Amino acid sequence: MSPRALVTGGAGFIGSHIADALLARGFSVVIIDDLSTGRRENVPSGAEFVQTDVRSTDAARTVREGGFDVVLHQAAQIDVRKSVNDPVHDASINILGALNLLEAVRAAAKRPRFIFASTGGAIYGDFVTPPNIEDYAKDPDSPYGIAKLAVEHYLAYYGRIHGLDGAVLRYANVYGPRQDPHGEAGVVAIFCNRLLAGKPLTVFGDGRQTRDYVHVKDVAAANAAAATAPLPRIGRLDARAMNIGTGVETNVIQLAETLRRVSGRESLIEHAPARPGEQLRSAVSIGKVQQLLHWKPERSLDAGLKETFDFFAARQS
Ligand SMILES: NC(=O)c1ccc[n+]([C@@H]2O[C@H](COP(=O)([O-])OP(=O)(O)OC[C@H]3O[C@@H](n4cnc5c(N)ncnc54)[C@H](O)[C@@H]3O)[C@@H](O)[C@H]2O)c1
């Protein structure tokens, strides 16, 4: 019988690519998504779709009774600025939603492994010099980062006290086809749409702020590897946390120039005032995931950006 996976947020950007990757590896896949930001057309035709909120009893029942080998929890409120404006709403989805699923895993006759989508960009804070390693101090600067870290703590607790099997993947800045141009992480999608519209690319501040851009298909491959890999016992906060990125810092000007080059489009780069509180440098170290999952990113930034631009160009035409 094929292994069974549940992907929450599977109608979204990253979750839908994870579903694709798991189907390609012979998993049978169920997706839970409330379509708040996800799209029905992102759900692969080979997956079963349950439209519900991760906080619901429906979602809990699906986890409890689904006979899953693995749950990959991607559903979230992903906008850092929204989390600042409404931390209660953020915590409701990002903490209580995860807890609802974890309690269902605990109650399930067959307990699936729980893989949690955390963040490498928003939990280490700005006090350390990148690339960040997993053991660095956590100092989240937003309710979004605090919620992600809280769920990591819950996962460590469930591992230690209840023997749950789990892993944490801390994504850097993920980009690629199907990304919606919202939130800071959507800068590649935003720039692609601006290039296609012949509009200038807006850079905040001097554009020297760096991020670690990782292609969504590489992130999906890391999740597929984490679904089945033998892993050390969970129990300590960072024991099964792995950064998923490239280890390379790229600044916004470099990103804009690379996109212009690979797309062959001419848009100007315009500067807007720096955004208060914006992190200056961010990149993650990927030594641990290479060791534990034998995973490394396969796509160069040039190739990944070209593929992404072509996706948005095709969607527009
Ligand atoms: N995009 C990035 O660069 C990045 C970086 C770090 C971490 N992450 C994490 O990766 C995960 C996926 O992010 P994404 O970029 O694909 O975002 P996305 O918005 O495309 O996907 C999130 C999905 O979750 C669904 N969802 C939201 N609230 C829900 C709820 N209450 N119940 C059920 N479904 C709900 C949405 O409809 C959407 O389909 C998130 O957990 C996010 O925090 C993303």
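**The sheet and the helices around it**

Modeller: Seven strands form an open sheet, and they pair in parallel in the order S3-S2-S1-S4-S5-S6-S11. Strand S3 (48-51) and strand S11 (241-244) are at the edges; each has a single partner strand, so one side of each has no neighbour in the sheet. From one strand to the next, the twist averages 20 degrees.

The model is predicted, so local features need a pLDDT of at least 70 and side-chain atom pairs count only at pLDDT 80 or more, while totals for chains, interfaces and linings use all residues. Residue numbers start from 1 along each chain as its sequence is written.

Some terms need their cut-offs. Helices (H or I, at least four residues) and strands (E, at least two) are DSSP runs, numbered from the N terminus. Two strands count as paired if DSSP finds at least two bridges between them. In general, strands of a sheet pair through backbone hydrogen bonds, either parallel or antiparallel.

Angles run from 0 to 180 degrees between N-to-C directions, and axes are lines fitted to C-alpha atoms, for helices over the stretch in contact. Residues are in contact if their C-beta atoms, placed from the backbone, lie within 7 Å. Helix H1 (residues 13-24) lies across strand S1 (4-8), S2, strand S4 (70-73) and strand S5 (113-119), and runs at about 170 degrees to S1. Helix H5 (residues 143-162) lies across S5, strand S6 (166-171) and S11, at about 155 degrees to S5.

H5 also has a helix partner. The axes of helix H4 (residues 87-107) and H5 are 9 Å apart, and the two pack at an angle of about 15 degrees. H4 and H5 are therefore roughly parallel to each other. Angles under 35 degrees count as roughly parallel, over 145 as roughly antiparallel, 65 to 115 as roughly perpendicular and the rest as oblique. H4 and H5 cross in a right-handed way; a crossing is right-handed if the near helix is turned clockwise from the far one by less than a right angle, and left-handed if anticlockwise. Residues in this contact include Ala91, Ile95 and Leu102 of H4, and Ala147, Val151 and Tyr158 of H5. By class, the contact of H4 with H5 has 13 nonpolar, 2 polar and 3 charged residues, where Ala, Val, Leu, Ile, Met, Phe, Trp, Tyr, Cys and Pro count as nonpolar, Asp, Glu, Lys and Arg as charged, and the others, Gly among them, as polar.

In contact across the two are 26 residues of domain 1 and 25 residues of domain 2. On the side of domain 1 that touches domain 2, H1, strand S10 (213-215) and helix H7 (216-228) each supply at least two residues. H7 gives the most to that side of domain 1, with 5 residues. By class, the side of domain 1 that touches domain 2 has 11 nonpolar, 9 polar and 6 charged residues.
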